[in-house]
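These are my notebook entries on a structure that is new to me. I record what I looked up, topic by topic.

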Amino acid sequence: MIEVNELTKRYGATTAVRNLSFTVRPGLVTGFLGPNGAGKSTTLRMILGLNEPTGGSVTVDGRPFRDRPRGLRHVGALLDASDVHGGRTAAAHLAALARGNRIPRARVDEVLREVGLTAAARRRIGGFSLGMKQRLGIAGTLLGDPPVLLFDEPLNGLDPEGVKWVRGLFRRLAAEGRTVFVSSHLMTEMESTADELVVIGRGELIAAESLADFAARGTRASVTVRTRAGVALTELLTAEGGDVRPLAADGPGELFAVTGLSSTRVAELAFEHRLLLDELTTSRSSLEEAFMELTADSVEYGATEHGAPR
Ligand SMILES: Nc1ncnc2c1ncn2[C@@H]1O[C@H](COP(=O)(O)OP(=O)(O)OP(=O)(O)O)[C@@H](O)[C@H]1O
């Protein structure tokens with residue numbers, strides 16, 4: 001569990017993070033989203049005690065991370081995959097990390113196998129592709145078998161097969177009861193990866209909730225429902241404040257586009273009233289639209305600040 005409590009970080013006149021509070025729970029993959037410059041890396045560095053907050057506090061499993069000796073056993077973190085000594089071999093790099101954290105040397109071979117780098121173990125890191133460096137960085141996070149894992153933009157540089165592998169790994173780590181916190185500036189990367197989202201813009205919290213609830217915030221967000229109980233469902237959802245419009249349906253039942261309610265809420269209501277749903281989906285564009293709408297101010301701010309044309 002990571003608890004961020006009214007965290008603020010200023011660099012001179014720039015406020016990188018402002019009064020930020022959220023909780024990252026174990027057993028789930030939580031996506032940490034925000035446009036470039038939103039303050040994600042600064043927040044991750046404060047969680048790890050690498051940056052001193054100007055205000056507020058952050059604890060990992062109840063204590064500031066800095067107070068933990070042998071840190072890799074508590075938190076595995078990958079901030080910058082290219083920040084490694086290129087002259088070392090993959091195995092030597094991991095062995096040095098293991099030694100510094102009193103982790104048995106045997107773990108090195110285990111984690112190399114886990115990330116698919118066994119064949120490259122004796123090669124120098126300098127010759128690695130970005131994707132291989134990401135895998136090596138991920139191997140480092142797993143070394144101490146930690147309950148909490150942090151990743152800053154881990155999908156960068158991975159090919160589609162690598163992305164699929166990382167997603168599977170995150171799911172497994174979460175299913176094992178670990179806390180998994182993954183940053184990205186792209187909603188598309190998170191929609192098949194995360195259960196929960198923490199979204200920030202300009203250093204401030206925009207949302208901390210499930211993907212379904214976040215998707216429902218966009219004004220054009222919609223949930224598609226297929227049912228053979230169209231009349232009853234329309235009445236029910238309308239009474240709950242949803243806007244229900246029929247769509248042209250092929251296949252069984254009728255198809256509706258619902259706005260103003262999350263897919264979770266639609267499912268709960270249908271269940272409570274014993275109405276069978278044949279299909280329930282959040283339109284893929286809803287997440288992206290909600291993200292664009294809710295972070296629009298921070299993106300504009302960034303573009304103006306850096307002098308880019310609007
Ligand atoms: N060491 C520093 N000194 C001065 N300003 C900094 C420093 N580190 C970050 N900033 C500023 O703080 C803000 C947040 O930066 P940060 O790197 O945390 O954002 P981010 O969300 O991780 O963005 P990106 O996805 O581009 O890495 C930016 O305006 C950045 O210029």
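Predicted model: local features only at pLDDT ≥ 70, side-chain atom pairs only at ≥ 80, totals over all residues.

**Entry 1: the ligand.** Which residues surround the ligand? I found that the ligand is surrounded by Tyr11, Thr14, Ala16, Gly34, Asn36, Gly37, Ala38, Gly39, Lys40, Ser41, Thr42 and His185.

I next asked which elements supply at least two residues of the shell. They are β2, residues 14–24, and α1, residues 40–47. With three residues, α1 provides the largest share of the shell around the ligand.

**Entry 2: a pair of helices.** I recalled that two packed helices are described by the angle between their axes and the distance between the axes. I looked up both values for α2 (residues 90–100) and α3 (residues 106–114): the angle is about 130° and the axes are 9 Å apart. Are α2 and α3 parallel or oblique to each other? Angles of 65 to 115 degrees count as roughly perpendicular and those over 145 as roughly antiparallel, and α2 and α3 are therefore oblique to each other. I also recorded that their crossing is right-handed.

I listed the residues that make the contact. From α2 they are Ala90, Ala91, Leu94, Ala95 and Ala98, and from α3 they are Arg107, Val108, Val111 and Leu112. By type, the contact between α2 and α3 comprises eight nonpolar residues, no polar ones and one charged.

**Entry 3: an open sheet.** In what order do the four strands of the open sheet stand? I read the order as β11-β12-β10-β13, with antiparallel pairing. The edges are taken by β11 (243–247) and β13 (277–282); each has a single partner strand, so one side of each is left without a neighbour in the sheet. Direction ignored, neighbouring strands of this sheet are turned by 25° against each other on average.

I then examined one pairing in detail. Strands β10 (residues 223–227) and β12 (residues 254–259) pair in the antiparallel sense over five bridges. I looked up the bridge partner of Val225 in β12 and found Phe256.

**Entry 4: helices across the sheet.** Which strands does α8 lie across? Helix α8, residues 230–239, lies across β10, β11 and β12, and I noted that α8 runs at about 5° to β12. I made the corresponding entry for helix α9, residues 263–272, which lies across β10, β12 and β13 and runs at about 160° to β13.

Key. Residues numbered from 1 in each chain as written. Axes fitted to C-alpha atoms, helices over the stretch in contact; angles between N-to-C directions. Parallel < 35°, antiparallel > 145°, perpendicular 65-115°, else oblique. Left-handed = near helix turned anticlockwise from the far one by under 90°. Contact = placed C-beta atoms within 7 Å. Nonpolar A, V, L, I, M, F, W, Y, C, P; charged D, E, K, R; others polar. Pairing = 2+ DSSP bridges. Near = placed C-beta within 6 Å.
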